[in-house]
Amino acid sequence: MSTVGAPRPRIEGRLKVAGAARYASDVPMPDLAHGWMVTATIAKGRIRDIDAATALGMPGVLGVLDHRNAPRLNPRAGNYFGPDGSLQLLQDDMIPYAGRPIALVVAETPEQARAAAAALRVTCDAEPHDVDFHLGHPAARPASTAFGPEADTGDVDAELAAAAVVVDERYRTPEESHCALEPHAATVWWADGHVYAMDSNQGAFSVSEVLSTLWSIDRERVHIRAEHVGGGFGGKSACGPQVILASMAAERFGRPVRIAMTRAQVFEATASRPPTEQLVRLGADADGRLRAIHHRAAYALSPLAEYIEWCTEQAKILYAAPAIRTQLTAVPLDILPPASMRGPGATPGSFALESAIDELAERLEMDPLELRLRNQPAAAPVSGLPFSSRRLVSCLREGARRFGWPARDRRPRSRREGPLLIGSGLATTSFSAGVFPSSASITAEKDETFTVSIGASDIGTGARTALTAVAADALGVGTEQIRIRIGDSDLGMAWGAGGSRGTTSWSFAILEAAKKLRENLGDSVRPVTATVDTTAMINFQPDRERQTYSAVFAEAAVDPATGEVRVRRLLGMFAVGRVINPLLARSQVIGGMIMGLSMALHEECLRDPRTGRQANGDFAGYHFAAHADVPDVEADFVPDYEPQDPSGFNGLGEIGTAGTAAAIANAVWHATGTRQRILPIRLDRVLEPATTVDVAGDLDGGG
Ligand code: MOS
């Protein structure tokens, strides 16, 4: 009987609820010292002086590291996108953004380190900064095309000129913070030229690669463990400042050093999703047939490191049109370098594109579901490739049936409950799927169990549990015979928990290792190991377009007197290939939809243009959805099987988030008749002026 497909609770669930799971900052460690980050309070300039005299005389203080005395790092170190200057901490006197770590105080206790950090006297020479993001910024430049070329098919302008109906609108999404429950933390020590770290990250192997480059030592001398990770959402995908700085301090003071960031430090010093500004032009015939899609998107980044917020991807995938053009623009500013967050690119991109499609339906006086059905492509519209598996229409039809969509009156402001305006909306979306190189090894033990070792990470998704099922099926045994080891760079090269490609990549490696083990095993009764590096199937240009899909439906109630938007119902139908564990999968996409709700209504990093600093970088100022904001959320999967995957899998990490904000914005339009083209949909953006009652004496003398 297949274990894949069966709902099973998390293997480590008991450990977590009992408080027995150890995270990076609570592993017991003898002789531990504590580091406290000091961060820049100006957005651009140079450090003139750091006066540590007072701090060094304070109780328990071991020392202060800054650019004048810190170990030198290899400047060639980079990230997934290329060379990354943001990794070069404490290497020079430059301040590239507010929040940049510029010193580390090390002491016997975290309290002593914190007190001494407050006593450091830092003097800086400020230079004019620029955090003013907009699409037409003079520094704007074409984004990297490392994820694929821009679309430029057909003649967009001619098609728009010939279209019966045109939409041409501007959408904005703000800078957002990942807000994983566990703040970034690392515990690091050195021994015999090797560095060891318990670190909170999304991929121990890639962190070990970056750290080994920074220190110019063999990767085999870097041992990164991330047994349990309290969420990441992309904010822990890189080699974080905590592990870099702690490795410096541990080397300098010859002791284990722990850095546990405060929430405010996570906001200012780790990463965020960049703000976007997007222009979408759509043209259609009177029957709703699309003639043109033109999607322009700009996002902010830091000159320190390349990054791609791929907002325009879905314009190449979702709809058939004779002319499709995309233009992605990067705007370098003096801000925290961005990182992938909760469906990078696709999520803000979907908000713009799927809002615009809803606006087109409005102008055509057509059901937005019907409009989408009329424009489904037979093959990928830009690449021309056949689709691998595309069950988007099934998601739409089944979602519509369960949500009760057919009964909807499509006219806005057509439903009221007392003072409340009620509306519903939908969005469809896609998210790119595939695998990245990973390796796995399996050992057949004497007691007839199997130890499966893979450098995977479980950031709260249930990856450990899913991979146990995959291994059990691959070996033809029960899950009780599988012991899984993950979260350790010593387990070999593996992709991280990111890009919605963790579980597919790791499963592929486990499958190959199991195949090899079964061949090796024969009639053997000896313990046998099979180690496999899988490097096949990594292809940004596959011969079929491999994507996951969703249709998200939302119902919102709006109080026009206060501007309050309450989402009442969310329903998502998803096509994600074969589902490994429906219990975990449902939980993950529901979590994703809640993140989408949170993006739609709450989340926004505000920067003070005068100082360039975040004005609300903590959980008091940065709002996100709490329990009371989360309504009846339902999610399910249509039957699907990915033919390009040996097990039929596709990733489902981020597809839950991608379409939700647009579905909610469209529901708010349906409720109120007013478009919300700027996220979040704050009260002040929804509030309607109270109807003025014309009493006596109109000053204009009209009545
Ligand atoms: Mo995910 S935002 O690709 O770590």
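Phe619 is partly exposed at 35% relative accessibility, and Phe624 is likewise partly exposed, with a relative accessible area of 31%, where buried means under 20% relative accessible area, exposed over 50% and partly exposed in between, for a 1.4 Å probe and protein chains only. The model is predicted, so local features need pLDDT of at least 70 and side-chain atom pairs count only at pLDDT 80 or more, while totals for chains, interfaces and linings use all residues. Residues are numbered from 1 along each chain as its sequence is written, and side-chain values use heavy atoms, with hydrogens and water left out.

A search of the whole structure finds 19 aromatic pairs, a pair being rings of Phe, Tyr and Trp (its six-membered ring) with centres within 6.5 Å, counted as stacked if the planes are under 30 degrees apart, edge-to-face if over 60 and tilted for the rest. Two of these pairs are set out below.

| Pair | Centre to centre | Between the planes | Class |
|---|---|---|---|
| Phe267 and Tyr622 | 5.2 Å | 65° | edge-to-face |
| Phe619 and Phe624 | 4.9 Å | 80° | edge-to-face |

Phe267 lies in helix H7 (residues 263-269) and Tyr622 in the loop between helix H13 (582-601) and strand E27 (632-637), so their pair ties together parts that are 355 residues apart in sequence; helices (H or I, at least four residues) and strands (E, at least two) are DSSP runs, numbered from the N terminus. Phe267 is buried at a relative accessible area of 1%, and Tyr622 also counts as buried, at 1% relative accessibility. Elsewhere, one aromatic cluster is formed by Tyr80, Phe81, Phe147, Tyr299, Tyr307, Trp310, Phe436 and Trp495.

In helix H3 (residues 110-119), the buried residues are Ala113, Ala116, Ala117 and Ala119. Seen down the axis of H3, these residues fall within an arc of 155°, so they line one face of the helix, the arc being that of the directions from the helix axis to the C-beta atoms. The face turned away from this buried side carries the exposed residues Glu111 and Ala118. The elements covering the buried residues of H3 include strand E1 (33-39), strand E2 (45-51), helix H2 (53-56), strand E3 (61-66), strand E7 (101-107) and strand E8 (121-126).

Some backbone features remain to be described. Most residues other than glycine have a negative phi, and most peptide bonds are trans. Asp31, in the loop between helix H1 (13-17) and E1, has a positive phi near 60° and counts as partly exposed at 47% relative accessibility. Arg342, in the loop between strand E18 (323-332) and helix H8 (346-364), has a positive phi of about 40° although it is not a glycine, and Arg342 is buried, with a relative accessible area of 8%. A cis peptide bond joins Leu679 and Pro680, with omega about -5°, and Pro680 lies in the loop between helix H15 (660-672) and helix H16 (683-686).

Definitions and conventions: Contact means heavy atoms within 4.5 Å.
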